[in-house]
Amino acid sequence: MPEGNQGPGLPYFYPSRLMEEIDLSQDESTYGAPDPKTLALFTGQLAAGARILDVAGGDGRYALPLAEAGYEVTILDVHEPSLEAAQRKAAELPEDAGTVHTICGDILEGTELFQPGSYDGSLNAGFIYLAPPATAKEIFNRSATFLKVGGLAVVEFNTDRVRQDKTGRDLIGLDEHRYTTQEGQETVAAMFGNGFRNVQQVLSRVHHDEPFYVDANVIIASGRRL
């Protein structure tokens, strides 16, 4: 296992060195602002009250605004401090908001926590791009099993990504799979395969300097489970 990515129970591609350095005490998500295009996919297609599974949802970057829009969101993540931060922020949501539930676990393990076909939507917007193609597809396929027929799957997949601290030090580790845009598009297309309809991909862009330098193309893909 490459240096910087160790930790009991953490997937081998999980950036534990990055997680040790982020500040989870702030009110805004440490993972940056949610992409409005991704949020609009849910709010434009799912009614308030729908159940959404947020895989590797961290401190609630997407779960919190989705709950505020009236959804019942469950965050599954291996990093307990991030989940604790999400719970703290969820306690400040308006009384008429939806709910945020958190479960500490790995999508590739412990799936007895979920019932197949129990969610109206699923979101993979965190760290799926760190895995090699076969593992990324496995993560997506496992989360898709928890969708109802007709359920909405949404993926944010980073490509051409640079993530460093201000000194230029790489915070991810040597085992990161850095996709080109074409490789990312092919990997995402393979994820959705023949099990989804109305599949679409759009290209977005992320760039910000705090707390880490991040520059990447982001594929936002969606589809309805057959």
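Keep in mind that the model is predicted.

Let's start with the sheet. How many strands does the open sheet have? Seven, in the order β3-β2-β1-β4-β5-β7-β6. Their pairing is mixed. Quick reminder: strands of a sheet pair through backbone hydrogen bonds, and they can do so parallel or antiparallel. Now look at the ends of that order. β3 and β6 (196–208) are the edge strands, and each of them pairs on one side only. From one strand to the next, the twist averages 15°.

Zoom in on one pair. β2 covers residues 72–77. It runs parallel to β3, and six bridges join the two. Pick I75: its bridge partner in β3 is T102.

Next, the helix. Find α4, residues 80–90. Which of its residues are buried? They are S82, L83, A85, A86, K89 and A90. An α-helix has 3.6 residues a turn, so residues three or four places apart point the same way.

Last stop, D106. Find the loop between β3 (99–104) and β4 (119–124); D106 is there. D106 is buried, yet it has no salt bridge. Where is the nearest side chain of opposite charge? That is R142, 7.6 Å away. A salt bridge needs the charged atoms within 4 Å. D106 does have a backbone neighbour, though. A polar atom of its side chain lies 3.0 Å from the backbone nitrogen of L108.

How values were computed. Residues are numbered from 1 along each chain as its sequence is written. This is a predicted model: local features need pLDDT of at least 70, side-chain atom pairs count only at pLDDT 80 or more; totals for chains, interfaces and linings use all residues. Side-chain values use heavy atoms; hydrogens and water are left out. Helices (H or I, at least four residues) and strands (E, at least two) are DSSP runs, numbered from the N terminus. Buried means under 20% relative accessible area, exposed over 50%, partly exposed in between (1.4 Å probe, protein chains only). Lys and Arg count as positive and Asp and Glu as negative; His and the chain ends are not counted. A polar contact is a pair of N or O atoms within 3.5 Å; within protein, one must be able to donate a hydrogen and the other to accept it, and residues adjacent in sequence count only if both atoms are side-chain atoms. Two strands pair if DSSP finds at least two bridges between them. Axes are lines fitted to C-alpha atoms, for helices over the stretch in contact, and angles run from 0 to 180 degrees between N-to-C directions.
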